[in-house]
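Visitor: I would like to learn how to read a model like this one. Can we go through it feature by feature?

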Amino acid sequence: MPYKEREINKMYYTMGEVTEMFGVNASQIRFYEKEFDVLQPKKNKKGNRLFTPEDIENLKIIFHLVDDKGFTLKGAKDHLKNNSGDVKENQKIIASLERLKDFLVKLNDEI
């Protein structure tokens, strides 16, 4: 049976890692942190923000609503408050479909 490396899940992500994931400036992440109550990154003794995987998922939802669907910040806040369960479930489905798409594109390239 071949050895398969398992995916490493981090407990905390630094601000630099988060900005790299989303391709935005740190100031935009800090702004969203102030605007959206669902973002609550931990801060260490130096004051550096440490984002949990839950914070990353919430950021994905916020970016999806604001950038992809064209919501205003107020509209995105209201949508998150009123439909939090539906929004999180939809985000899981979107992430799953993106992984499937990446796999199929990779498979097509190998053929």
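Visitor: What is the relative accessible area of Gly-16, and how exposed does that make the residue?

Guide: Some ground rules come before the answer. This is a predicted model, in which local features need pLDDT of at least 70 and side-chain atom pairs count only at pLDDT 80 or more, while totals for chains, interfaces and linings use all residues. Residues are numbered from 1 along each chain as its sequence is written, and side-chain values use heavy atoms, with hydrogens and water left out. Buried means under 20% relative accessible area, exposed over 50%, and partly exposed in between (1.4 Å probe, protein chains only). Gly-16 has a relative accessible area of 42%, which makes it partly exposed.

Visitor: Where does Gly-16 sit, and how far is its C-alpha atom from that of Leu-50?

Guide: Helices (H or I, at least four residues) and strands (E, at least two) are DSSP runs numbered from the N terminus. Gly-16 belongs to helix α1, residues 15–22.

Visitor: How do I judge the span of helix α3?

Guide: The expected span of a helix is 1.5 Å times one less than its number of residues. Helix α3 covers residues 53–68, 16 residues in total. From first C-alpha to last it reaches 21 Å, close to the expected 22 Å.

Visitor: Which residues of α3 are buried?

Guide: The buried positions include Ile-56, Leu-59, Ile-62, Phe-63 and Val-66. Just after the helix, Gly-70 adopts a positive phi of about 80°.

Visitor: How many salt bridges are there, and what counts as one?

Guide: Side chains of opposite charge can pair when their charged atoms come close. The cut-off here is a side-chain nitrogen of Lys or Arg within 4 Å of a carboxyl oxygen of Asp or Glu. By that rule the structure holds five. In one of them, Glu-33 pairs with Arg-49, and the closest N and O atoms are 2.5 Å apart.

Visitor: Why does the pair of Glu-33 and Arg-49 tie parts of the chain together?

Guide: Glu-33 is in helix α2 (residues 26–35) and Arg-49 is in strand β3 (residues 49–51), so the bridge joins parts that are 16 residues apart in sequence. Both partners are buried: Glu-33 has 17% relative accessibility, and Arg-49 has 19%.

Visitor: How many aromatic pairs does the structure hold?

Guide: A pair of aromatic rings is described by the distance of the centres and the angle of the planes. Rings of Phe, Tyr and Trp (its six-membered ring) pair if their centres lie within 6.5 Å; planes under 30 degrees apart are stacked, over 60 edge-to-face, and the rest tilted. The structure holds four such pairs. Phe-31 and Tyr-32 have ring centres 6.2 Å apart and planes at 45°, so they are tilted. Tyr-32 and Phe-36 have centres 5.8 Å apart and planes at 90°, so that pair is edge-to-face. Phe-31 is partly exposed at 38%, while Tyr-32 is buried at 4% and Phe-36 at 2%.

Visitor: Which residues do the ring pairs link into a cluster?

Guide: The cluster consists of Phe-22, Phe-31, Tyr-32, Phe-36 and Phe-63.

Visitor: What does UniProt list for residues 12–82?

Guide: An unreviewed UniProt entry gives "domain: HTH merR-type" for that range. In the model, residues 12–82 are 62% helix and 10% strand, with the end C-alpha atoms 28 Å apart.

Technical notes: UniProt positions are given in the numbering used here, feature names are shortened, and annotations may be inferred rather than shown by experiment.
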